[in-house]
Amino acid sequence: MLNPFTHRKVLEHGAPGRATVVSMGALDRDGTIFNLPMTLHVFVEGITPYEVQDQWWVKAADAIALEGTIPVRVDREDPEKVAIDWDVLRAEEEREAEERRAGLAAMGPWPGQAAAPPGTPAPAGGDDVVSR
């Protein structure tokens with residue numbers, strides 16, 4: 001686990017990359033910030049992809065964004081030092097949320113309960129679902 005000073009140093013001077021979250025430990029539902037063990041596959045230009053297992057300090061509000069690929073910075077001299085780029089991750093999460101909200105708004109007024117949302121499979125028998 002990187003101490004806060006090293007984490008800042010890697011964020012400032014490290015090589016940008018992406019990491020795929022392969023696995024993570026249990027989230028601490030009671031804490032606002034907690035130590036989270038994770039396994040990441042790290043991809044940085046000019047470096048052969050590799051796996052790192054470590055623990056990172058995670059704010060509870062940020063834990064939901066830890067899926068798929070996440071932005072990281074890597075110490076080129078010691079690639080085991082991987083810092084999660086929280087500012088970029090939060091910006092990506094906000095941009096995705098705005099795109100989802102814009103997509104919903106573009107649908108226009110909802111026609112009512114009898115109509116299924118777009119992309120919803122038809123119920124068995126082909127009947128419309130109506131509130132009972």
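This is a predicted model: local features need pLDDT of at least 70, side-chain atom pairs count only at pLDDT 80 or more; totals for chains, interfaces and linings use all residues.
**Arg90 and its partners**

I started with Arg90 and Asp87, whose side chains meet in a salt bridge at 3.5 Å, N to O. For the search, a salt bridge is a side-chain nitrogen of Lys or Arg within 4 Å of a carboxyl oxygen of Asp or Glu. Residues are numbered from 1 along each chain as its sequence is written, and side-chain values use heavy atoms, with hydrogens and water left out.

Both Arg90 and Asp87 sit in helix α2, three residues apart, about one turn of the helix. Helices here are DSSP runs of H or I with at least four residues, strands are runs of E with at least two, and numbering goes from the N terminus.

Next I looked up accessibility for the pair. Buried means under 20% relative accessible area, exposed over 50%, and partly exposed is in between (1.4 Å probe, protein chains only). Asp87 comes out exposed because its relative accessibility is 59%. Arg90 has a relative accessible area of 32%, so I put it down as partly exposed.

Asp62 lies in the loop between β3 and β4 and Arg90 in helix α2, so the pair ties together parts that are 28 residues apart in sequence. Asp62 counts as buried, at 9% relative accessibility. I therefore logged Asp62, Asp87 and Arg90 as one network of salt bridges, by the cut-off above.

**Arg18 and Glu92**

How many salt bridges does a search of the whole structure find? I got five. One of them joins Arg18 and Glu92, with the closest N and O atoms 2.7 Å apart. This pair links distant parts of the chain: Arg18 is in strand β1 (residues 15-24), Glu92 is in helix α2, and they are 74 residues apart. Glu92 is buried at 14% relative accessibility, and Arg18 is partly exposed at 30% relative accessible area.

I then checked Pro71, in strand β4. Buried or exposed? Pro71 is buried, with a relative accessible area of 5%. Leaving out residues up to four places away in sequence, Pro71 touches Gly17, Arg18, Ala83, Ile84, Asp85, Val88, Leu89 and Glu92; a contact is heavy atoms within 4.5 Å. Pro71 and Arg90 are 9.9 Å apart, C-alpha to C-alpha, and 19 residues apart in sequence.

**Surface patches**

I looked for patches among residues with over 30% relative accessible area and no salt bridge, joining like charges within 9 Å and nonpolar side chains (Val, Leu, Ile, Met, Phe, Trp, Tyr) within 5 Å. Lys and Arg count as positive and Asp and Glu as negative, with His and the chain ends not counted. The place of a charge is NZ of Lys, CZ of Arg, CG of Asp or CD of Glu.

A patch of negative charge turned up on the surface, with Glu67, Glu96, Glu98 and Glu99. Glu67 lies in the loop between β3 (47-59) and β4 (69-74) and is exposed at 58% relative accessibility.

A nonpolar patch of about 320 Å² is made by Met1, Ile33 and Trp57; areas come from the Shrake-Rupley method with a 1.4 Å probe, and for residues only the protein chains shown count as cover. Ile33 is in strand β2 (residues 33-44) and is partly exposed at 44% relative accessible area.

**Whole chain**

Last, the totals. I find two helices and five strands, in the order α-β-β-β-β-β-α along the sequence. Buried residues make up 29% of the 132 residues. The chain exposes about 9,000 Å², and carbon and sulfur atoms supply 54% of that. Of the contacts between residues at least 6 apart in sequence, 52% join residues at least 24 apart.
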